[in-house]
Amino acid sequence: FHFAIVLKGWNASKKRAAAPRAEALLESMMDYYEEGKTWLRPNKFVYNLVLNAWSTSPAAGSAARAEALMRRMEDVSGVRPNVITYTTVIKAWAHSSQEKGSAERAEELLDEMEEIYAKTGRDCRPNVITYNAVIEAWAKRGSEAGSALRAESILNRMDGMYKKGNQDVKPNVKSFSIAINAWAASNEDEAPQRAESLLKQMELRFLRGDIELKPNVFSYASVIKAWTRCNEPLRGEKLLKRMEKAGVRPNAVCFFMVVAAWARSGEKGSAKRVENLLDRKLLHEEGYHGVASVNPDVKIYNAVIDTWVNSGEKGAPQRAEELLEYMEKMYQSGKRELKPSVGTYSSVIKALSLSDDADAAAKRADEIFGRVTALQEEGDRSLKPDKIMVQAMIDVWSKCTASEAASKIEALTMGYYDVENTDICNGSDIMRVQGMKDVNATMTFFR
């Protein structure tokens with residue numbers, strides 16, 4: 001009894017040493033049992049506790065250790081593994097996605113369970129939890145070719161068995177959502193269509209009365225991810241509306257993925273589209289379908305600013321500044337999630353470099369840059385100017401006709417500002433900044 005309590009404690013601790021310590025306790029129980037203390041013979045409950053510790057361990061080789069222990073249960077202790085035992089080991093392989101052959105091994109164990117049950121009727125018949133773990137094992141292979149298809153095939157396999165009468169493997173919202181997420185991570189051409197097809201299956205079956213298959217925010221978010229990864233922001237935006245109609249509140253991640261996709265698109269009208277998303281009542285309304293409101297954070301606002309920068313629309317610099325000022329005001333009022341980052345300031349400076357009034361834009365950019373450096377000097381190390389910000393400043397000044405432009409560029413280029421760790425950024429560093437467009441224009445000031 002006391003051993004079981006300690007084992008539970010190690011399971012709950014989630015510490016890196018939990019699994020080895022749990023197995024050491026198991027070894028002690030075996031030693032005591034062999035000495036004649038028969039009441040300390042480890043049973044399935046004890047073995048499953050130790051296996052669970054290995055299944056959640058971050059250490060390399062944990063899945064193999066878990067499977068080896070399962071084999072030892074019957075060979076050494078005469079304790080037959082049950083459905084919990086096998087499922088726990090399969091979960092261990094699912095969590096070991098970085099190890100070669102992990103998903104294949106998880107599926108092989110599933111097949112083994114099915115075979116043992118068919119031949120002996122033992123208590124190891126796979127259930128929905130088992131199948132979900134195997135789907136997850138394939139989903140965690142990420143963009144590896146064929147993984148998403150394999151995940152979906154396992155889903156179809158369990159669904160087929162359910163339709164033939166096996167209630168234990170009825171797919172639930174998690175089953176479908178994991179398979180959808182597998183497609184969301186896939187690089188296959190058909191990935192977004194396959195992800196959305198699974199979502200439609202869930203929606204249809206829910207409407208027909210299967211309440212366990214109502215898509216949740218994770219289900220929708222995965223399909224949004226699939227479309228926005230393929231630079232299809234409009235499809236992502238339509239899914240946001242579909243979520244609302246279904247009574248599922250999009251979270252901040254859903255909004256960010258759509259806004260970021262519009263930012264990357266550079267399409268005409270994209271900036272106004274994301275502004276509309278930002279202003280939607282859904283984003284701020286409390287108690288929508290019983291769910292708390294979404295608070296747009298710095299990532300979402302940065303993506304909105306980037307959309308304006310990439311849109312090339314008239315008024316983009318002014319709007320970028322207005323958004324920055326709003327963020328600063330909100331942060332000062334206590335909304336810490338809207339604290340402007342180095343990326344925020346860099347994007348606004350970049351927007352100013354696109355202004356038709358280059359001289360006025362340079363002065364505004366210099367004021368913003370001054371605010372950032374002042375805040376950094378006051379102790380805010382998170383606002384340390386980086387190379388991207390310095391490059392944006394060079395771009396602004398290189399288009400300016402003011403007399404001080406050359407000296408400003410020289411100071412930036414030759415390392416007046418400490419922009420990376422404790423190293424001074426020199427001219428050659430600036431030349432290596434990714435995305436630099438106006439090196440020639442910059443150097444004309446020194447000829």
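1. Helices here are DSSP runs of H or I with at least four residues, numbered from the N terminus. By that numbering, P81 sits in the loop between helix 4 (62–77) and helix 5. The model is predicted, and the points below should be read as comments on a prediction.

2. P81 has a relative accessible area of 5% and is therefore buried, the cut-off being under 20%. Leaving out residues up to four places away in sequence, P81 touches M70, M73 and E74, together with Y86, R122, D123 and C124. N48 lies 33 residues from P81 along the chain, and the two C-alpha atoms are separated by 8.7 Å.

3. Helix 5 (residues 83–94) packs against helix 6 (residues 102–120): their axes come within 8 Å and cross at roughly 165 degrees. Angles over 145 degrees count as roughly antiparallel, so helix 5 and helix 6 are roughly antiparallel to each other. Their crossing is left-handed. On the helix 5 side the contact is made by V83, Y86, T87, V89, I90 and W93. Helix 6 contributes S102, R105, A106, L109, L110, E112, M113 and I116.

4. R141 is in the loop between helix 7 (128–139) and helix 8 (147–163). Its relative accessibility is 13%, so R141 counts as buried despite the loop position. Setting aside neighbours within four places in sequence, R141 is in contact with S97, S102, A103, E104 and S147.

5. N231 occupies the loop between helix 11 (217–229) and helix 12 (233–246). Its phi is near 55 degrees, a positive value in a residue other than glycine. Most residues other than glycine have a negative phi. With a relative accessible area of 47%, N231 is partly exposed.

6. Helix 13 (residues 252–265) has 14 residues. From first C-alpha to last, helix 13 reaches 20 Å, close to the 20 Å expected at 1.5 Å a residue. At the start of helix 13, a side-chain oxygen of N251 comes to within 3.2 Å of the backbone nitrogen of V253. Just after the helix, G266 takes a positive phi of about 65 degrees.

7. Which residues of helix 13 are buried? They are C254, F255, M257, V258, V259, A260, A261, W262 and A263.

Methods:
Residues numbered from 1 in each chain as written. Predicted model: local features only at pLDDT ≥ 70, side-chain atom pairs only at ≥ 80, totals over all residues. Heavy atoms only, no water. Helix = DSSP H or I, 4+ residues; strand = E, 2+ residues; numbered from the N terminus. Expected span 1.5 Å × (residues − 1). Buried < 20%, exposed > 50% of the residue type's maximum accessible area, 1.4 Å probe, protein only. Polar contact = N/O pair within 3.5 Å; in protein donor to acceptor, adjacent residues only side chain to side chain. Axes fitted to C-alpha atoms, helices over the stretch in contact; angles between N-to-C directions. Parallel < 35°, antiparallel > 145°, perpendicular 65-115°, else oblique. Left-handed = near helix turned anticlockwise from the far one by under 90°. Contact = heavy atoms within 4.5 Å.
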